[in-house]
Amino acid sequence: MLTSEAIERNLKAVHERVRAALERGGRGEDGVRLMAVSKTWPAEAVEAAAEAGQTLFGENRVQELQEKVPALPGHLEWHLIGHLQKNKIRKVLPLVSEIHSVDSLELARQIDRIGGEEGVHPVGYLEINLAGESTKYGFEPGTLEAQMEDLLGLSRLEIAGLMIIPPLRPELEATRRDFVALREFRDRLEAKFGVRLPGLSMGMSHDFEIAIEEGSTIVRVGSAIFGPRGG
Ligand SMILES: *Cc1c(COP(=O)(O)O)cnc(C)c1O
C-alpha cells in the first residue's frame, strides 16, 4: 500500500487533472464526481483518502463492501461497480447508495423488488456493452431499447443514467469514440422514451480525462489514486 502522503498527493493530482479536463471540455466546475475505486486495497488506504477529503468510494465485490463499510467512518459513500449476483442484492442494498453495474432487465427487476421489500429506493446505472463484447456484462443497445419501457416501469429502481467499460484500445484517443457513442446513445434514449438520463458513468485511471471532455458525470478512478493493484 502507498503511504498516506502518496495517496493524498495522488488525489490532489487527479483533482487537478479533472479540473483541467472540465475546462477543456467547456464544462462547469461541478460537473463531475470523483469516485475512488478502493477494490483490493485495505481499509487503511480508504482512511488515508478519506483524511485527504475523499468521501465517495467504489468497490466491485459485495464481500469486500461487507468487510470495509462497517470498519470505516459512517459519512463515507459507497457505490458498487462490479457485476452483482442476484443472491447478493439484499446484502448490498444497505451498503451502497448507487449500483453502476445494472447489466440486465432480470437483475433490474430483482433490485426493484428487493428494494421494495427492504424499504429503500436503489439508484442504478445501466451498464452498456456498446461494442458487443461477448466477454463483458451489460445491455447491448438494441436489447436495451427493446426493454427500456419495462425498465422505466420499475417503481423502486431509479435509473440515473448509463455506464460503460470500453474495450481496451491500442490508442487511448480511440476510446473517445466509445465515450461519444455512449453519450449519443443516451441522447437517443432520452428523445425516444421522453426521459432524463443525466448520469454518464465513464472514465477510469487511464482515460478519465477524455471521458470528462466527452461529458462524464462520474469517473471511477483506482490505480491513479491508490497505485497499481497487485504491484
Ligand atoms: C477497477 C475498476 C475501475 C478502476 O480502474 P483503474 O484503472 O484502477 O482506475 C473502474 N471501473 C470499474 C468497473 C472497475 O472494475
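The structure holds one cavity of 30 Å³ or more. A cavity is here a set of points, on a 1 Å grid over the protein atoms alone, where a 1.4 Å probe fits but cannot get out. The volume of the largest cavity is about 30 Å³, a volume being the space filled by probe spheres set on the points, which are joined across faces, edges and corners. The model is predicted: local features need pLDDT of at least 70 and side-chain atom pairs pLDDT 80 or more, whereas totals for chains, interfaces and linings use all residues. Residues are numbered from 1 along each chain as its sequence is written, and side-chain values use heavy atoms, with hydrogens and water left out.

The largest cavity is lined by Asn129, Leu130, Ala131, Glu133, Ile164, Ile165, Pro166, Pro167 and Asp178; lining residues have an atom within 4 Å of a point. Six residues of this lining are nonpolar, one is polar and two are charged (Ala, Val, Leu, Ile, Met, Phe, Trp, Tyr, Cys and Pro count as nonpolar, Asp, Glu, Lys and Arg as charged, and the others, Gly among them, as polar).

Pockets were also located, a pocket being an open set with protein on both sides within 12 Å along at least five of seven lines. The largest pocket contains about 270 Å³ of space. Its lining has 14 residues, and Val37, Lys39, Ile81, Met204 and Arg229 are the closest to its centre. Five of the lining residues are nonpolar, six polar and three charged.

The ligand sits in the largest pocket, in the sense that more than half of its atoms lie within 2 Å of the grid points. Around the ligand are Val37, Lys39, Ile81, Ile165, Met204, Ser205, Arg220, Val221, Gly222, Ser223 and Arg229, each with a heavy atom within 4 Å of it. This shell comprises five nonpolar, three polar and three charged residues. Polar contacts (pairs of N or O atoms within 3.5 Å) include one between a ligand oxygen atom and an N or O atom in the side chain of Ser205, at 2.6 Å. A ligand nitrogen atom lies 2.9 Å from an N or O atom in the side chain of Arg220, and a ligand oxygen atom is 2.8 Å from a polar backbone atom of Ser223. Taken alone, the ligand exposes 390 Å², of which the protein buries 90% (Shrake-Rupley method, 1.4 Å probe).

The second largest pocket has a volume of about 210 Å³. Among its 14 lining residues, His15, Val18, Val32, Arg33 and Leu34 lie nearest its centre. By class, six are nonpolar, four polar and four charged.

Note on methods. Polar contact = N/O pair within 3.5 Å; in protein donor to acceptor, adjacent residues only side chain to side chain.
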